Amino acid sequence: MSGLWPWLVIFGLGLFHGINPAMGWLFAVALGLQEQKRAAVLRALAPIALGHALSIGVIIAAVLAARVSLPHHALRIGAAAILFAFGFYRLFRSRHPNWVGMRVGFGDLTLWSFIMASAHGAGLMLVPLFLASPTVGDAHHIGSHVTMEQTCALGFANFNAPSLLTASVAVHTLGYLLTTAGIAILVYEKLGVGMLRRAWFNIDLVWMLALMITGAFILLF
Amino acid sequence: MPLLKPDPTFYPSPRLAMQAPPEKYAFVAALNPPGSKLNDALLVIDVDPGSRTYGQRVGEVKMPEFGDELHHFGWNACSSALCPYAPHPHVERRYLVVPGLRSSRIHIIDTKPNPRKPKIVKVIEPEEVFARANYSRPHTIHCGPEGIYVSALGAPNGDGPGGIFMLDCETFEILGQWEMNRGPQFLHYDFWWHLGFDTLLSSEWGTPNMIENGVQTDLLLGSKYGHQIHVWDLRRRRHLQALDLGNEQQMVLEMRPAHDPTKAYGFVGVVVSLKDLSASVWLWHRNNGAWDLKKVIEIPAEPADPEKLPPLLKDFKAVPPLVTDIDLSLDDKFLYVSCWGTGEMLQYDVSDPFNPKKSGSVRIGGIINRTPHPKKPNQPLAGGPQMVEVSRDGKRVYFTNSLYAAWDEQFYPDGVDSWMVKLDAGRDGGVTFDENFFLESSDYRVHQVRLEGGDSSSDSFCFP
């Protein structure tokens, strides 16, 4: 059962990313309202999900590649430093990406979603799950203390790097798409954008704190 | 510091913004009349009818240097921060960006924590505007998707081209010129946009050298002042199309696009036609992917005894209406048109933008009429309805009477003692004076009005 655990985390982080209005559902709603068609909301979902998938895919691929060439402890310290620094920087300098434009096609929306996910460090949040090489998982049978990395390594034991990349991007994006689509349709059909005034708490703050905590987590556990 | 929830004055749509609570304060640009030794100021006016100081000046912040000529100004952030493609709703609407039209100095004024005591927190000196934007004479301010947009009438040497430059909405650093490709555009005045169509529009007055010594009759009669509007790609910052109103239409000023981002039309006012001294309002609209123009309102000149006319107008034997400002209510239903020459504020029902219907009017001031305010029915007034601002709910209309220091005396040779008044607007049209609101000001000339929390020309929206 513990082999399922890392997959649930990847899926759960997808759900979490989808909640953020800056990650896509709000844009889908706006395009629907602009054209006054629900079809426009639905049409926006595929490119938005694709851009997000590409953004986190690039980060996961980079980690999988780095762990082949870098010593494990160097990888851990490097990853922790990047996460912490990114979260810290974004916490105090919350500049939004410069994007202007409501008249967007498939390519525009994909690029936009890629930029937004990358600028928020969406992929970085997944980094700790991929730090350990599969062989580290064997340690699980020896010691009584099971680290997060070992659990992940166990869950990913049956995957080689390309299939692990594909599967984790797919699982994450599925979670992301579920909340993005769900909230977009709910807001478009029922709630209306007036709820933004009450419900749009500063998720970026939580998000950046999460990145910093994740960075600390890598070193401590 | 970022907020935890969106600034409460941000609304996703104009429809929702109309439900905003009534404003309690108005901020008014005040400039010194010719000959005065006063520095310009930003005034705070109490507009809360329940207050003991209703209709009075309750605060004032003086500019640090002499001779700015404060004119138009705007907020650091507004409802466009909720736009889905670059959302940053946790900034505060708090700072007023207040340029001096003559000095090219820009003041950043903090209206919190106490709106009665605004404070200057940053001054951008003219040299910095010249060096970093290669523009001068900053004018209209709009908060928008990429930060703060500032229009500028000309180049540092007072010639053209005029255009738009950008300010960072947090640091107020000048980021440089907005245009990537300006095409044939040279003259500049106002600008605004259709966020739903990634389109910016700009209008034309004249270069600083053409206006700073008064209206020049040779330029005017030679059709040298602006008579076009320009359509731009807001996203790529490129000129797309120039629309010409005709040589005889002189000075195309305030632009009021529909607030609803799904509607692709708007109104622009023209000061005077050389043909018959009439003024007009034109509708721009999208037609098969391109933009088109149509004159939808024409206001005729009023015949007058040449003896009573200022030298500039004697030969014409008529008072031109001189439409110098217009404003559109947030529901895109009522258009207010200031006739600074004849002294009339007109209200049109523009539910059908192609066929405006006159729905209300009041008279006050005017070159010939000098109509008094009902609170002081025996006191003739100089100047006429000019900068007009409509409350978000559409129920209150504020306006002031001065135009531009170098031009005021040409039309009102005995001077423009300044005043600000308020109208109450009916739900289905019609306007009446609020008899308790008549703010006279002999030390300053009052100009643009901004309302606390936003008004009908301060915010733009990405949701219908």
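**Figure 1. Strands β23 and β24 of chain B pair up in the antiparallel sense.** Here β23 (residues 334-339) and β24 (residues 344-349) of chain B are joined over 6 bridges. Strands count as paired if DSSP finds at least two bridges between them. The names come from DSSP runs, numbered from the N terminus: helices are H or I with at least four residues, and strands are E with at least two. If you look for B:Leu335, you'll find B:Tyr348 of β24(B) opposite. The two strands belong to an open, antiparallel sheet of 4 strands, in the order β22-β23-β24-β25 (chain B). At its edges stand β22 (323-328) and β25 (357-363) of chain B, and each of these pairs on one side only. Neighbouring strands in this sheet are turned by 20° against each other on average, direction ignored. Such angles are taken between axes, which are lines fitted to C-alpha atoms (for helices, over the stretch in contact); they run from 0 to 180 degrees between N-to-C directions.

A word on what you're looking at: this is a predicted model, where local features need pLDDT of at least 70 and side-chain atom pairs count only at pLDDT 80 or more, while totals for chains, interfaces and linings use all residues. Residues are numbered from 1 along each chain as its sequence is written, and chains are lettered from A and ligands numbered from 1 in the order in which they are written.

**Figure 2. Another open sheet of chain B runs in the order β3-β2-β1-β30.** This sheet has 4 strands, and the pairing is antiparallel. B:Tyr25 faces B:Asp46 in β2(B) as its opposite number. In general, strands of a sheet pair through backbone hydrogen bonds, either parallel or antiparallel.

**Figure 3. β28 and β29 of chain B make a hairpin.** There are 5 residues between the two strands, and B:Gly429 in the turn has a positive phi of about 105°. β28 (residues 418-425) and β29 (residues 431-441) of chain B run antiparallel and are joined by 7 bridges. Follow B:Met420 across and you reach its bridge partner in β29(B), B:Leu439.

Figure 4. You'll find B:Pro161 in the loop between β9 (147-154) and β10 (163-167) of chain B. Then there's B:Asn134, which has a positive phi of about 55° although it isn't a glycine. B:Asn134 lies in the loop between α2 (126-133) and β8 (136-144) of chain B.

**Figure 5. Helix α3 of chain A packs against helix α5 of chain A.** Their axes are 7 Å apart and the angle is about 40° for α3 (residues 38-69) and α5 (residues 106-119). That angle makes α3(A) oblique to α5(A); under 35 degrees would be roughly parallel, over 145 roughly antiparallel, 65 to 115 roughly perpendicular, and the rest is oblique. Among the residues making the contact are A:Leu50 and A:Leu54 of α3(A) and A:Trp112 and A:Phe114 of α5(A). Two residues are in contact if their C-beta atoms, placed from the backbone, lie within 7 Å. The contact divides into 12 nonpolar, 6 polar and no charged residues. Here Ala, Val, Leu, Ile, Met, Phe, Trp, Tyr, Cys and Pro count as nonpolar, Asp, Glu, Lys and Arg as charged, and the others, Gly among them, as polar.

**Figure 6. Chain B touches chain A through 30 residues of chain B and 26 residues of chain A.** On the chain B side, the residues split into 21 nonpolar, 5 polar and 4 charged. As for chain A, its secondary structure comes to 9 helices and 0 strands.
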